[in-house]
Amino acid sequence: MRHDKPAAELAVLYRGPLASCNYDCPYCPFAKRVDPPELLRADRAALERFTGWVAATTDRRLSVLFTPWGEGLTRSWYRDAMVALSHLPHVDRVVIQTNLAARVDWLADADRATAALWTTYHPGQVTRERFLARCARLSELGVRYSVGVVGLPEHLAEARALRAALPGEVYLWVNAADGHHYTAGQEAAWTALDPLFGWSVRPHRSLDRPCHAGETAISVAGDGTVRRCHFRPAPIGNLYDGSWRAALRPRACDAALCDCHIGYVHLKPLGLRDVFAGGLLERIPAAWPVGSRSAR
Ligand code: SF4
Ligand code: SF4
């Protein structure tokens, strides 16, 4: 009898040309712009090409995280991609980062064991009540989702109110604000909301340390250019000429620091793939709610 090896797992972070957003957060790390129709057409075509690659690449177990520069879920092609990929048997998870401004009822058509959302609450752009109503609908639909906030001092009261209003089974994460130094007291205040805030508050030393990025995780641009992660600019191959396959191998990081969750979650010495086992791309810890599984 023939015993096939289990297919290798690959996490794919996809970011196409789309950069427009219906919100205008003052702390937005991305240059905001209005996307002209031709760019939107190009973004749609690139996404459809990518979903075709996912559908055809059946010799891997794939997990996909869409990380658009702007907001994807106000565009039909991202919603369609989420639904289509969720039904593929070799796709373990498909996730998108979203501000949750758009309605979420379309997720009723997705396989909710596979589709999940990484959502972020942006005080000042939406009321807490409106954001919570979207969360309630996701819970009703049985969709896995995390909720996050940027840990700016002016967000603390809103973040506390949000944590108090969210169901206990929903994980609330806090990202340290770029360039912001946290006193011990401030760090403790945010850690009371997100027990894992300590991973975000200081950048991680990564130079010469082994990282899954470029081995079992890759970053893909709209034209198929493959990089090991969103933070290292050197291409290592292309998705559409097959060169990505030969590029995957154990690698050490060549940057001094890694300070973004979607990067350092792959930095091997940190062990965060265990902490987020089963919820790596949607940012849900394995032991959440606290006490649901024995902590490591
Ligand atoms: S919702 Fe996200 S992408 Fe949109 S402006 Fe705010 S931070 Fe930027
Ligand atoms: S440690 Fe961070 S910057 Fe370095 S390769 Fe891994 S994800 Fe990329």
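In this predicted model, the shell around ligand 1 is made up of five nonpolar, three polar and two charged residues. The residues that surround ligand 1 are Cys21, Tyr23, Asp24, Cys25, Cys28, Phe30, Gly70, Glu71, Asn99 and His122.

Ligand 2 has a shell of its own, with 14 residues around it. Those that come nearest to ligand 2 are Cys211, Cys229, Cys253, Cys258 and Gly263. Sorted by class, the shell around ligand 2 holds nine nonpolar, three polar and two charged residues.

Turning to the helices, α3 covers residues 128-141, which makes 14 residues. From its first C-alpha to its last, α3 reaches 20 Å, close to the 20 Å expected at 1.5 Å a residue. Four of its residues, Phe131, Arg134, Cys135 and Leu138, are buried. Viewed down the axis of α3, these buried residues fall within an arc of 100°, so they line one face of the helix.

What lies on either side of α3? The buried residues are covered by elements that include β4 (115-120) and β5 (144-150). On the face turned away from the buried side, α3 carries the exposed residues Glu129, Arg130, Ala133 and Glu140. Just after the helix comes Gly142, which takes a positive phi of about 75°.

Note on methods: Residues are numbered from 1 along each chain as its sequence is written. Chains are lettered from A and ligands numbered from 1 in the order in which they are written. This is a predicted model: local features need pLDDT of at least 70, side-chain atom pairs count only at pLDDT 80 or more; totals for chains, interfaces and linings use all residues. A residue is near a molecule or strand if its C-beta atom, placed from the backbone, lies within 6 Å of it. Ala, Val, Leu, Ile, Met, Phe, Trp, Tyr, Cys and Pro count as nonpolar, Asp, Glu, Lys and Arg as charged, and the others, Gly among them, as polar. Helices (H or I, at least four residues) and strands (E, at least two) are DSSP runs, numbered from the N terminus. The expected span of a helix is 1.5 Å times one less than its number of residues. A residue is buried if 20 or more other C-beta atoms lie within 10 Å of its own, exposed if 12 or fewer, and partly exposed in between; C-beta atoms are placed from the backbone. The arc is that of the directions from the helix axis to the C-beta atoms. Two residues are in contact if their C-beta atoms, placed from the backbone, lie within 7 Å.
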